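Open the model in your viewer and keep the selection tool at hand. This tour moves from one selection to the next.

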Amino acid sequence: MTIREIAETLDATWLCCEEEGDRALRTAFASDMMSDVLAFVNEKTVLITGLTNHHVLRTADMLDLKCLVFARGKVPGEELLEQAQEQGLVVMTTRETAFTACGLLYQAGLRGVPIEWPENEAQK
């Protein structure tokens, strides 16, 4: 799914880097815990979060993410958007909750990040 299709699906407002809208992404992940993002996400993933602080950008940069969607209508400050522009990171906001945003994207064909559990953990 392209970033532009993600924006349309979520009725999102572009905040940064709309020119990158033709990039294709394979999966979606929603979390406000950046440690979980670091543990499970890869570069072809859209990150959906309610956090609007610098930790989100650092995490996105470390993973070479290309798209960040702020849920619940959250809008980050100008400093964060300027840094995102430097990183070439698409930033959008949607009025949807993270849960609903994930559901809409799933319904449109985008799937979640596959998580491989150790065999003994899967039975708990």
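**Stop one: a buried ring**

Select Phe 29. With a relative accessible area of 12%, Phe 29 is buried, because buried means under 20%. The model you are looking at is predicted.

Phe 40 is partly exposed, at 29% relative accessibility. The structure holds 1 aromatic pair. Its rings belong to Phe 29 and Phe 40: the centres are 6.3 Å apart and the planes stand at 35 degrees, so the pair is tilted. Phe 29 sits in strand β2 (residues 27-30) and Phe 40 in helix α2 (residues 34-40), so the pair ties together parts 11 residues apart in sequence.

**Stop two: the sheet**

Stay on Phe 29 and look across to β3. Its bridge partner there is Leu 47. Strand β3 covers residues 45-49 and pairs with β2 in the parallel sense, over 4 bridges.

Show all the strands. The open sheet has 6 of them, in the order β1-β5-β4-β3-β2-β6, with mixed pairing. β1 (13-16) and β6 (111-112) are at the edges with a single partner strand each, so one side of each has no neighbour in the sheet.

Next, select the helices. Helix α4 (residues 78-87) lies across β1, β4 and β5, at about 75 degrees to β1. Helix α5 (residues 98-107) lies across β2, β3 and β6, at about 155 degrees to β3.

**Stop three: the core**

Which residues have the most contacts inside the largest nonpolar core? Select Ile 6, Val 46, Leu 47, Cys 67, Met 92 and Leu 105. That core has 38 residues. Zoom in on Val 46: its contacts include Phe 29, Ala 28 and Leu 110.

**Last stop: a charge over a ring**

Select Arg 111 and Tyr 106. The charged end of Arg 111 sits over the Tyr 106 ring, 3.7 Å from the ring's centre.

Key: Residues are numbered from 1 along each chain as its sequence is written. This is a predicted model: local features need pLDDT of at least 70, side-chain atom pairs count only at pLDDT 80 or more; totals for chains, interfaces and linings use all residues. Side-chain values use heavy atoms; hydrogens and water are left out. A nonpolar core is a set of buried Ala, Val, Leu, Ile, Met, Phe, Trp, Tyr and Cys residues joined through side-chain atoms within 4.5 Å. Buried means under 20% relative accessible area, exposed over 50%, partly exposed in between (1.4 Å probe, protein chains only). Contact means heavy atoms within 4.5 Å. Rings of Phe, Tyr and Trp (its six-membered ring) pair if their centres lie within 6.5 Å; planes under 30 degrees apart count as stacked, over 60 as edge-to-face and the rest as tilted. Helices (H or I, at least four residues) and strands (E, at least two) are DSSP runs, numbered from the N terminus. A charge sits over a ring if NZ of Lys or CZ of Arg is within 6 Å of the ring centre and within 35 degrees of the ring normal. Two strands pair if DSSP finds at least two bridges between them. Axes are lines fitted to C-alpha atoms, for helices over the stretch in contact, and angles run from 0 to 180 degrees between N-to-C directions. Lists of a residue's contacts leave out its neighbours within four places in sequence.
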